[in-house]
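Here is a short briefing on one protein structure. Keep the sequence and the 3D view open as you read.

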Amino acid sequence: MNKPVQAKPFLKWAGGKTQLLRELTARLPREIKESGVIKTYVEPFIGGGAFFFHLKSMFVIENACLVDINRELILGYKVVQQEPDALIACLSKLERDYLALGSQARRVFYYGIREQYNQQMNQFDYQSFNEDWIVRASYMIFLNKTCYNGLFRQNHKGEFNVPHGRYKKPKICDADNIRAVSRALAGVKLVCGDFTCSRPYIGPGTLGYFDPPYRPLTKTASFTTYNKDDFTDDDQIRLAHYFRELDEIGALLLLSNSDPKAVNADDSFLDSLYQGFTIDRVRAKRSINCNGRGRGLISELIVRNY
Ligand SMILES: C[S@@+](CC[C@H](N)C(=O)[O-])C[C@H]1O[C@@H](n2cnc3c(N)ncnc32)[C@H](O)[C@@H]1O
C-alpha cells in the first residue's frame, strides 16, 4: 500500500509546482533522501498535488494527509481515491460525447455542463459520499480539461466561471492516470478546510510542504483567485505563526512562495516572516497567470527549517 506509485496530477491547477519539483526535491531532508522513506507527509495546500505525486513516485510514504480549503477539489480527490472506475466510466462518456461534436456544438455542450455544475452547488451534499459525488467530480474534471487555459476559477458565489477553451482533442479521460492516482491516494487522509486543520496529523519528524496562494507580486496581479476566499497578508502572517509552532514541535518544514523582492527590492514581507529559517531564491517558470505577463522566469522563495 505504501510503495512508490507513478502518477501525475489529474487536474491542471493554478500555481502548479511542476516547474519547481527539482528544486524542492534537492532540498528534502537528508535522512529522507538516504532512507527512501517518508514516515508522515502533510501538505496543507494540496491544489493539483504536483509535489505529492512526485514524492509518491520516488519514496515510500507511510502516512499522508492532504488538505485544501476548496471543497470541489477535495471532493474530486475523494472520488478518484474511492471510485476510480465509476469516475472513468462517467468521464469516458463525456469525452466521447464532446469529441464527436463540431466546434459550435462543443461550446453549447460545455456551457450546459457548466450551468448544471453551478446550479447543483447550492443543494449539494458535500458531507457524505454518495453517487452524485462521482458525477460532480466528472463534471469538474471535464470543465478543467476543456475550459480556457485549464484553470479552476470561481466567482465570489463559488460558481465556476471560466469560458470555453478551444483544444482540438483534449484528453478528458486519462484512465491509466486516474487509476494510478487512486493507488497513490490509497490510505491517504483527505481533509477539506483551512491549513490549520492539518495540525492533528503533524508531529516530530513529519515532513510538511506548504505552497500557499501566492502573494500577488503587483497590486493589479489578482493571482490569488483560486477560490472565492482570498488569501490575504493576514493569512500569510497566520501561516508564518503556524510554521513556527510546527517548527517547535520538531516537524521538518518546506515552504514555497513568490518572491516579492523580484518586483520590489525593498519588499521584505516574507523575509521577515520567516527570519531565522533557511531562505533560498530560485528561478521558476510560472505556469498560469491571469494576464500572461507573469509567464517568464520569476524568482521563487523556498523556506525550510532544517
Ligand atoms: C498555490 S496553490 C497550490 C498548488 C499546488 N502546490 C500544486 O502543485 O498544484 C494554493 C492552494 O491553497 C488553497 N487554499 C487557499 N486558502 C487556503 C487555506 N486558508 N487553507 C488551505 N488551503 C487554502 C487553494 O484552494 C489552492 O488549491
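The shell around the ligand divides into 11 nonpolar, 7 polar and 5 charged residues. The model is predicted. Of the 23 residues around the ligand, the nearest are Gly 15, Phe 45, Gly 47, Gly 48 and Ala 50.

**The nonpolar core**

- The largest nonpolar core has 74 residues.
- Which of its residues touch the most other members? They are Leu 66, Leu 87, Leu 91 and Ala 137.
- Helix H7 gives the most to this core, with 8 residues.
- Domain 1 (18-69 + 193-304) and domain 2 (74-177) each supply at least three residues to this core.
- Leu 66 touches Glu 43, Ile 46, Gly 49, Phe 52, Tyr 77, Val 188 and Leu 190, leaving out residues up to four places away in sequence.

**Helix H4**

- Helix H4 covers residues 71-82.
- Its 12 residues should span 16 Å at 1.5 Å a residue. The C-alpha atoms at its ends are 16 Å apart, so the two values agree.
- The buried residues of H4 are Glu 72, Leu 73, Leu 75, Gly 76, Tyr 77, Val 79 and Val 80.
- What do the buried residues of H4 pack against? Their partners are strand E2 (60-68), helix H5 (84-99), helix H7 (131-146), helix H8 (175-184) and strand E3 (189-192).

**Helix H7**

- Helix H7 has 16 residues.
- From its first C-alpha to its last, H7 reaches 23 Å. That is close to the 22 Å expected at 1.5 Å a residue.
- Is H7 largely enclosed or largely open? In H7, 13 of the 16 residues are buried, so the helix is largely enclosed by the rest of the structure.

- Asn 149 has a positive phi of about 70 degrees, although it is not a glycine. Most residues other than glycine have a negative phi.
- Asn 149 has 15 C-beta neighbours inside 10 Å, so it counts as partly exposed.
- Asp 174 has 17 C-beta neighbours inside 10 Å, so it also counts as partly exposed.
- Asp 174 and Leu 87 are 87 residues apart along the chain, and their C-alpha atoms are separated by 11 Å.

**Gly 193**

- Where is Gly 193 found? It sits in the loop between E3 and strand E4 (207-210).
- Gly 193 has 13 other C-beta atoms within 10 Å, so it is partly exposed.
- Gly 193 touches Val 67 and Ile 69, leaving out residues up to four places away in sequence.
- Along the chain, Gly 193 and Val 67 are 126 residues apart, yet their C-alpha atoms are separated by 6.6 Å.

**Tyr 209**

- Tyr 209 lies in strand E4.
- Is Tyr 209 buried or exposed? It has 22 other C-beta atoms within 10 Å, so it is buried. The cut-off for buried is 20 or more.
- Tyr 209 touches Glu 43, Phe 51 and Leu 254, leaving out residues up to four places away in sequence.
- Tyr 209 and Phe 45 are 164 residues apart along the chain, and their C-alpha atoms are separated by 8.3 Å. Phe 45 is one of the residues that come nearest to the ligand.

Key: Residues are numbered from 1 along each chain as its sequence is written. This is a predicted model: local features need pLDDT of at least 70, side-chain atom pairs count only at pLDDT 80 or more; totals for chains, interfaces and linings use all residues. A residue is near a molecule or strand if its C-beta atom, placed from the backbone, lies within 6 Å of it. Ala, Val, Leu, Ile, Met, Phe, Trp, Tyr, Cys and Pro count as nonpolar, Asp, Glu, Lys and Arg as charged, and the others, Gly among them, as polar. Helices (H or I, at least four residues) and strands (E, at least two) are DSSP runs, numbered from the N terminus. The expected span of a helix is 1.5 Å times one less than its number of residues. A residue is buried if 20 or more other C-beta atoms lie within 10 Å of its own, exposed if 12 or fewer, and partly exposed in between; C-beta atoms are placed from the backbone. Two residues are in contact if their C-beta atoms, placed from the backbone, lie within 7 Å. A nonpolar core is a set of buried Ala, Val, Leu, Ile, Met, Phe, Trp, Tyr and Cys residues joined through C-beta atoms within 7 Å. Domain bounds come from an automatic or database domain assignment.
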